[in-house]
Amino acid sequence: MNVPSRASTTGTDGTSKLRIGLLRLTDSAPIVTAHEFGFFADESVDVELVIEPSWANIADKLAFGALDAASIVPPLAFAVQLGLRGVAQSMLIPYTLSARGNTVTLTSDLAGQVPAQGGRDGLEALPALATCLREKPLTLGVVHAFSTHNLLLRHWLASAGIEAGLDVKLAVVPPSRAVEALREKQIAGFCAGAPWGEVARRAGVGYSIAGSQQIWSHAPEKAFAVRANWAEQNPDALAGALRALNRSSRFCDAPDNAAYIASLLSRRRYLNLDPHAILAALPGGVETASDCVFHRGATTFPWRSQGLWFLSQMRRWSLIDDSIDLRTLVERVYRPDIYRDALSSQGESMPVADWKVEGAHATEWSLEATPQSIAMPMDRFCDGAVFDPATLPPLGESAMQILARNRGDDVAR
Amino acid sequence: MSLKILLIDTDAGRARALEEILCESGFAQVWRVPEGAGRIAAIERIQPDVIIVDMAIPDRDALEDLRVVSSGHPIVMFAGSGDPAFAEEAIAAGVCSYNLSGVPLQDIKPIMASAIAVFRRLRQVEDELAEARALLEERRLMERAKAMLMQGRRMTEPEAYRWLQKTAMNQNRRLAEVVATFVSQHDMPADPGKAKRKQP
């Protein structure tokens with residue numbers, strides 16, 4: 001039997017189907033909602049959603065054209081672009097799907113020794129966790145080497161002087177396995193996206209002591225990445241898809257819709273999980289401390305400075321070569337121009353710049369945008385570092401050196 | 001050179017079938033590891049040259065980490081194969097492989113071709129089974145719709161059938177679709193999975 005090539009699926013009417021890959025995560029909400037509510041159909045975009053069990057599948061299927069787009073962690077999109085884990089495939093990121101939503105979840109025993117961040121007694125989680133990690137070697141799980149979770153967790157631990165690989169072992173544990181791994185004490189904790197921290201809590205095997213926002217208060221999370229080939233061949237469909245997503249992002253960010261979205265995502269063909277566990281991390285859900293953000297605060301804009309932050313962290317942890325020109329790379333992949341072309345006629349306020357200084361706002365602030373400025377949430381890194389895209393750290397700097405310099409900066413401020 | 005081949009599959013029967021084919025072809029060192037705990041330990045113990053893995057398992061992400069942590073740099077087999085059509089076939093069949101020790105492509109290709117064939121065969125059976133199930137479900141819904149019309153609207157069975165057929169024709173929709181909508185509107189509460197089906 002001859003298997004038809006999956007690289008091109010052209011419909012009878014000449015328009016290409018947009019096949020979007022997703023994982024079983026709460027922040028799949030904007031894509032699932034846009035599909036189920038017919039937002040894509042309203043824009044005449046023919047979409048097929050494909051739920052995948054692993055990031056590896058998402059990356060391989062993008063690389064070989066079995067998927068056209070995906071909800072993806074940005075470091076993995078860069079890995080596909082560079083061919084770091086297989087064949088290279090040019091990717092574009094014209095839209096950001098979510099911010100925050102990850103949790104650091106520990107076994108109940110360990111969590112008992114580590115007060116949850118922002119807890120009533122005023123003690124912070126990180127110093128207590130650092131003490132535990134120095135006392136005995138433990139293993140923490142992350143979802144993929146090229147994940148936001150790996151980079152955020154490393155950054156957080158480094159800010160307390162804990163170096164991953166030296167003081168603590170990081171292992172890749174798929175979130176659907178993390179509950180079992182916690183129960184069997186194969187790992188002492190894990191950093192994963194919602195709803196898996198809540199799933200572990202409900203299973204009685206773990207407790208979340210911190211979320212993305214304790215590491216980077218408005219940490220960008222999933223990006224909508226599309227194969228550059230597909231985008232070039234279907235510019236109108238891509239613009240339509242972005243308009244549909246933007247409608248959906250607004251819908252998903254409204255607290256009133258949380259219960260509805262949770263029940264939609266809980267269906268067997270999507271997350272196939274308890275809707276209450278999903279509800280917890282939705283805007284308006286019960287756990288406001290670690291909820292996902294889908295729209296407010298210019299979340300959907302593909303900030304080049306955020307792409308560059310991910311790349312600089314990938315370089316910091318030797319996940320990419322020192323020889324790569326990060327700025328050129330981020331300009332090729334992160335595409336605010338496509339975002340603007342698609343959405344400027346939609347009454348959406350557009351940031352004036354493509355870059356911003358990350359981690360520079362200890363309080364709420366106002367972003368220059370047209371036609372109206374955008375109200376922005378606090379934006380801070382756990383170590384007080386300020387990431388200015390104009391001044392990248394020099395090549396070959398080790399993690400601990402960066403840590404030391406960040407501390408020096410703190411003293412200087 | 002005798003290659004060490006490790007098979008990781010959710011389907012024990014399929015893995016056994018593939019092992020048989022590979023052994024018959026002279027690959028003596030084949031291991032099967034079921035989905036579940038101990039996969040990573042098995043890899044570290046066996047140190048296979050090639051891993052054939054079912055794409056339906058979430059553990060692929062953990063397998064990839066081995067490449068990052070180990071000093072040798074295992075690569076996805078598809079990488080540099082110069083044969084994207086072959087990789088596409090494998091992905092369509094739902095199987096992929098990792099080449100951990102730089103085995104030449106011509107040695108891996110027949111192994112992967114066998115895996116693709118075995119996976120495709122099972123996929124075909126699964127598709128046929130799903131199709132049969134869908135037909136059964138259509139039939140069940142039809143019976144249910146007819147019973148509801150017979151009881152609720154006092155129709156005879158042929159009348160009920162004709163009513164459904166006519167509705168489908170008027171709405172220009174498939175009969176099975178109309179039946180499913182009718183049953184879900186008149187029979188199923190909001191959550192069909194959990195709620196008890198009430199009698200009309």
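This is a predicted model: local features need pLDDT of at least 70, side-chain atom pairs count only at pLDDT 80 or more; totals for chains, interfaces and linings use all residues.
Which residues in α1(A) meet which residues in α13(A)?

**Chain A as a whole**

Start by selecting chain A and colouring it by secondary structure, which shows 18 helices and 14 strands. Of its 413 residues, 57% count as buried. If you take the contacts in chain A with a separation of 6 or more, 73% of them come from residues 24 or more positions apart.

**The two domains**

Next, colour residues 18-99 together with 221-315 of chain A as domain 1, and residues 102-215 as domain 2. The centres of these two domains, taken over C-alpha atoms, are separated by 24 Å. Where they touch, 24 residues of domain 1 of chain A are in contact with 22 residues of domain 2 of chain A. On the domain 1 side, at least two residues each are supplied by α4 (74-82), α14 (275-279) and α15 (304-316) of chain A, and α4(A) gives the most, with four residues. Colouring this side of domain 1 by class gives 15 nonpolar, four polar and five charged residues.

**The crossing of α1 and α13**

Now select residues 29-36 of chain A, which form helix α1, and residues 258-265 of chain A, which form helix α13; their axes come within 10 Å and cross at roughly 85°. Angles from 65 to 115 degrees count as roughly perpendicular, and α1(A) and α13(A) are therefore described as roughly perpendicular to each other. Showing the side chains answers the opening question: A:A29, A:V32, A:T33 and A:E36 in α1(A) meet A:I261, A:L264 and A:L265 in α13(A). The residues of this contact divide into five nonpolar, one polar and one charged.

**A covered helix**

Move on to residues 55-63 of chain A, helix α3, which is mostly covered, with nine of its nine residues buried. Step along this helix and you will pass A:W55, A:A56, A:N57, A:I58, A:A59, A:D60, A:K61, A:L62 and A:A63, which are buried. Just after α3(A), select A:G65, where the backbone takes a positive phi of about 75°.

In the largest nonpolar core, which has 169 residues, A:A77 and A:A225 touch the most other members. The largest share of this core, nine residues, comes from helix α12 of chain A, residues 235-253. Leaving aside neighbours within four places in sequence, A:A77 is in contact with A:I72, A:M91, A:I93, A:A223, A:A225 and A:V333. Apart from this core lies another, of six residues, among them B:A145, B:A160, B:F182 and B:V183.

**Where chain B meets chain A**

Finish by displaying both chains and selecting their contact, which takes 22 residues from chain B and 25 residues from chain A. On the side of chain B that touches chain A, the elements giving two or more residues are α3 (60-69) and α4 (84-93) of chain B. Of these, α4(B) gives the most, with seven residues. By class, this side of chain B has 15 nonpolar, no polar and seven charged residues.

How values were computed
Residues are numbered from 1 along each chain as its sequence is written. Chains are lettered from A and ligands numbered from 1 in the order in which they are written. A residue is buried if 20 or more other C-beta atoms lie within 10 Å of its own, exposed if 12 or fewer, and partly exposed in between; C-beta atoms are placed from the backbone. Two residues are in contact if their C-beta atoms, placed from the backbone, lie within 7 Å. Ala, Val, Leu, Ile, Met, Phe, Trp, Tyr, Cys and Pro count as nonpolar, Asp, Glu, Lys and Arg as charged, and the others, Gly among them, as polar. A nonpolar core is a set of buried Ala, Val, Leu, Ile, Met, Phe, Trp, Tyr and Cys residues joined through C-beta atoms within 7 Å. Axes are lines fitted to C-alpha atoms, for helices over the stretch in contact, and angles run from 0 to 180 degrees between N-to-C directions. Angles under 35 degrees count as roughly parallel, over 145 as roughly antiparallel, 65 to 115 as roughly perpendicular and the rest as oblique. Domain bounds come from an automatic or database domain assignment.
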